[in-house]
Amino acid sequence: EEKNMTQRTFDAVRENLDQVLTFLDSQLENWDCPMRVQMQLDVAVEELFVNIASYAYVDKTGIADITIELLPGQVVQITFRDSGIPYNPLEKPDPDITKPAEEREIGGLGIYIVKKSMDEVLYRYEDGQNILTIRKAF
């Protein structure tokens, strides 16, 4: 019986990024997710996990819960939960990509790429947790 949902908890430190991506990729391979979509999900998950690792917990190591689900209609849903400072990355205005790179603000491009490459990106703050969900059909 194939599992359509799997969940793991990681210490929210950059050093765990490889483990996070291995966890994601092994799941996506089980579901025969096409490589192009897998790469887009890898980029998005890297961005979101590194954000949590960098900013969520100011002076202590916190955790990031990651749930990966396959929804009906071949939709991968990945949910990140952390108990760090409330932060909605979707409220950041999109960078002005018409400006030359040197005039743009540093940062902000990562979440923009996530928004552009995923079908849906949802954020809510609930029970003291940041909950960020991305969805991508394949």
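User: In this predicted model, is R135 buried, partly exposed or exposed?
Analyst: The model is a predicted one, and the relative accessible area computed for R135 is 22%. Buried means under 20% and exposed means over 50%, with partly exposed in between. R135 therefore counts as partly exposed.

User: Which residue forms a salt bridge with R135?
Analyst: The closest N and O atoms of the pair are 2.8 Å apart. R135 lies in strand β5 and its partner in strand β4 (residues 120–126), so the pair ties together parts that are 15 residues apart in sequence. That partner is itself partly exposed, with a relative accessible area of 36%, and the residue is E120.

User: How many salt bridges does a search of the whole structure find?
Analyst: One of them joins E120 and R135, and another joins R124 and E126, whose closest N and O atoms are 3.0 Å apart. D94 also forms a salt bridge with K115. The search of the whole structure gives a total of three.

User: Which element gives the most residues to the largest nonpolar core?
Analyst: The largest nonpolar core has 33 residues, and L41, I66, I78 and I134 have the most contacts inside it. At least two residues each come from α1 (17–30), α2 (35–56), β2, β3, α3 (109–117) and β5 (129–137). With nine residues, the element that gives the most to this core is α2.

User: What is the bridge partner of F10 in β2?
Analyst: F10 has its place in strand β1, and β1 (residues 5–11) pairs with β2 in the antiparallel sense over seven bridges. F10 counts as buried, at 2% relative accessibility, and its contacts beyond four places in sequence include F23, F49, I63 and I66. Its bridge partner in β2 is A64.

User: Which residue in the hairpin of β2 and β3 takes a positive phi?
Analyst: Strand β2 (residues 63–71) is mostly covered, with seven of its nine residues buried, and it pairs with β3 (residues 75–82) in the antiparallel sense over eight bridges. L70 stands opposite V76 in β3, and the hairpin has three residues between the strands. The residue with a positive phi, near 85°, is G73.

User: What accessible area do V43, I97, L109 and I113 have together?
Analyst: These four residues form a nonpolar patch on the surface. L109 is found in helix α3 and is partly exposed, with a relative accessible area of 33%. Together, the accessible area of the patch is about 310 Å².

Key: Residues are numbered from 1 along each chain as its sequence is written. This is a predicted model: local features need pLDDT of at least 70, side-chain atom pairs count only at pLDDT 80 or more; totals for chains, interfaces and linings use all residues. Side-chain values use heavy atoms; hydrogens and water are left out. Buried means under 20% relative accessible area, exposed over 50%, partly exposed in between (1.4 Å probe, protein chains only). Helices (H or I, at least four residues) and strands (E, at least two) are DSSP runs, numbered from the N terminus. Two strands pair if DSSP finds at least two bridges between them. A nonpolar core is a set of buried Ala, Val, Leu, Ile, Met, Phe, Trp, Tyr and Cys residues joined through side-chain atoms within 4.5 Å. Patches are made of residues with over 30% relative accessible area and no salt bridge: like charges are joined within 9 Å, nonpolar side chains (Val, Leu, Ile, Met, Phe, Trp, Tyr) within 5 Å. Accessible areas come from the Shrake-Rupley method with a 1.4 Å probe; for residues, only the protein chains shown count as cover. A salt bridge is a side-chain nitrogen of Lys or Arg within 4 Å of a carboxyl oxygen of Asp or Glu. Contact means heavy atoms within 4.5 Å.
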